[in-house]
Amino acid sequence: MNLSIITVSRYCDEELCKTLDTISNTFQKECRLSFLGVRSIVVVSEDPISLQKKYPNSEFISDNGAGIFNAMDCGAQLVDDNDYIIFINAGDKVVSLSEL
């Protein structure tokens, strides 16, 4: 069983980077301690090449910009049936899993 974190953003900007930093710093460490795997899925409407190099542990999907719910669905379709899903907006920050 894994924890899939889906982040949807129109642009690859600094707000998205803040969220991805939170995921890599907080979730990766805490989930390793609880033996829960973490999968970070990022859906953006522009080319994510610059972010793919900075965040190699995240999976990036380019979406055609058909709307936020379509983008969320795009990310959710990649998740296994038994996984937990968390949707985090670009710019949001979670300090600890216990806050959920």
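Thr-7 is buried, at a relative accessible area of 0% (buried means under 20% relative accessible area, exposed over 50% and partly exposed in between, with a 1.4 Å probe and protein chains only). The residue sits in strand E1, residues 2–9 (helices, H or I of at least four residues, and strands, E of at least two, are DSSP runs numbered from the N terminus). Setting aside neighbours within four places in sequence, Thr-7 is in contact with Leu-16, Thr-19, Ile-23, Ile-41, Val-42, Val-43, Ile-88, Asn-89 and Ala-90 (contact means heavy atoms within 4.5 Å).

A word on the ground rules: this is a predicted model, in which local features need pLDDT of at least 70 and side-chain atom pairs count only at pLDDT 80 or more, while totals for chains, interfaces and linings use all residues. Residues are numbered from 1 along each chain as its sequence is written, and side-chain values use heavy atoms, with hydrogens and water left out.

Now for the sheet. E1 belongs to an open sheet of 4 strands in the order E3-E2-E1-E4, with parallel pairing (two strands pair if DSSP finds at least two bridges between them). E3 and strand E4 (84–89) take the edges with a single partner strand each, so one side of each has no neighbour in the sheet. From one strand to the next, the twist averages 20 degrees (axes are lines fitted to C-alpha atoms, for helices over the stretch in contact, and angles run from 0 to 180 degrees between N-to-C directions).

Looking at the individual pairs, E1 and E2 run parallel and are joined by 8 bridges. The bridge partner of Ile-5 in E2 is Ser-40. E2 also pairs with E3, again in the parallel sense, over 5 bridges. Here Ile-41 stands opposite Glu-59 in E3, and Val-43 stands opposite Ile-61 in E3. Helix H3 (residues 68–76) lies across E1, E2 and E4, running at about 150 degrees to E1.

Leaving out neighbours within four places in sequence, Ser-40 is in contact with Ile-5, Leu-20, Ile-23, Asn-57, Ser-58 and Glu-59.

What about charged pairs? The structure holds 2 salt bridges (a salt bridge is a side-chain nitrogen of Lys or Arg within 4 Å of a carboxyl oxygen of Asp or Glu). One joins the side chains of Glu-59 and Arg-39 at 2.6 Å, N to O. Because Glu-59 lies in strand E3 (residues 58–62) and Arg-39 in strand E2 (residues 37–44), this pair ties together parts that are 20 residues apart in sequence. Glu-59 is partly exposed at 32%, and Arg-39 is partly exposed at 21%. In the other, the side chains of Lys-18 and Glu-15 meet at 3.2 Å, N to O. These two are 3 residues apart in helix H1 (residues 14–33), so about one helical turn separates them. Lys-18 is partly exposed, with 42% relative accessibility, and Glu-15 is likewise partly exposed, with 30%.

That leaves the nonpolar interior. In soluble globular proteins, nonpolar side chains tend to be buried together. The largest nonpolar core has 15 residues, and those with the most contacts inside it are Leu-16, Leu-20, Val-42, Leu-51, Tyr-55 and Phe-60 (a nonpolar core is a set of buried Ala, Val, Leu, Ile, Met, Phe, Trp, Tyr and Cys residues joined through side-chain atoms within 4.5 Å). E1, H1, E2 and E4 each supply at least two residues of this core, and the largest share, 4 residues, comes from H1. Tyr-55 touches Cys-17, Leu-20, Asp-21 and Phe-60, not counting residues up to four places away in sequence. A second, separate core of 7 residues includes Val-43, Ile-61, Ala-71 and Val-79.

Finally, the segment after E4 holds Val-94, which is buried at 13% relative accessible area. Val-94 and Ile-23 are 71 residues apart in sequence and 8.0 Å apart in space, C-alpha to C-alpha.
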